[in-house]
Amino acid sequence: LEAAIQANALYATLLPAYLTLGQAYQANGRVDEAMGALQTYTLYMPDDVEAMVVLGAAYNAREQYNSAVDILSRAIALDDNHVEANYQRGSAYLALGLSDQALHDFKVAVGYDPKHFGAAVGLAQAYDLDGYSGTAYLKMEAALGLADTDEEKALCLYYEALYLEKISKYDRPQEPVH
């Protein structure tokens, strides 16, 4: 990060320095600063899909989902098979409550990278948002098989429990009203 800051200070007109700086800020959790550098870079390099994806992820991290959808849609227009672009846009759509769009993007991401844990989890969440808790449970079970860390496993088990609770509510007979 320090090297990227120094390079940018020395060569303020060198566009790749803005990309490197944005990526370094993002990797160090400094999302606001990453967004500034990446916005500058993508303004002058509007066809750089990777930069747009990093900027879209930064927008998602700042809960600026409409901005994320806009920049990620531009990236997907240039490369519709880009796994991370579809995953990030699906995440933005999910946060906006747009299940159909989220389902589409997560299906594309999982289709091109069946081992993408985040996309597998997002797909399950989108099915649940769309009212298909049984399918969501099955998709989350598949995501559990991709989990590497205890945190990822716990996340999957948590959502599976929620989905099972929703499913069991439909199976219970109505209690008589007294």
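1. Of the chain's 178 residues, 42% count as buried, where buried means under 20% relative accessible area, exposed means over 50%, and partly exposed lies in between (1.4 Å probe, protein chains only). The model is a predicted one, in which local features need pLDDT of at least 70, side-chain atom pairs count only at pLDDT 80 or more, and totals for chains, interfaces and linings use all residues. Residues are numbered from 1 along each chain as its sequence is written, and side-chain values use heavy atoms, with hydrogens and water left out.

2. The chain contains 10 helices and zero strands. Helices (H or I, at least four residues) and strands (E, at least two) are DSSP runs, numbered from the N terminus. In sequence order the pattern is α-α-α-α-α-α-α-α-α-α.

3. Accessible areas come from the Shrake-Rupley method with a 1.4 Å probe; for residues, only the protein chains shown count as cover.

4. Helix α8 covers residues 117-129. Its 13 residues, at 1.5 Å a residue, should span 18 Å, and the end C-alpha atoms are 18 Å apart, which agrees. The expected span is 1.5 Å times one less than the number of residues in the helix. Because 12 of the 13 residues of α8 are buried, the helix is largely enclosed by the rest of the structure. The buried residues include F117, L123, Q125, Y127 and D128. G131 follows α8 and has a positive phi, near 95°.

5. Buried in α2 are A17, Y18, L19, L21, G22, A24 and Y25. The helix is followed by G29, with a positive phi near 75°.

6. The structure holds three aromatic pairs. Rings of Phe, Tyr and Trp (its six-membered ring) pair if their centres lie within 6.5 Å; planes under 30 degrees apart count as stacked, over 60 as edge-to-face and the rest as tilted. Y158 and Y159 make an edge-to-face pair, 5.2 Å centre to centre with 75° between the planes. Y159 and Y163 make a tilted pair, at 6.0 Å and 35°. These two residues are four apart in helix α10 (residues 150-171), so about one helical turn separates them.

7. Y158, Y159 and Y163 form one aromatic cluster.

8. On the surface, L43, Y44 and M45 form a nonpolar patch with about 340 Å² of accessible area together. Patches are made of residues with over 30% relative accessible area and no salt bridge; like charges are joined within 9 Å, and nonpolar side chains (Val, Leu, Ile, Met, Phe, Trp, Tyr) within 5 Å. A salt bridge is a side-chain nitrogen of Lys or Arg within 4 Å of a carboxyl oxygen of Asp or Glu. M45 lies in the loop between α3 (31-44) and α4 (49-61), and is partly exposed, with a relative accessible area of 35%.
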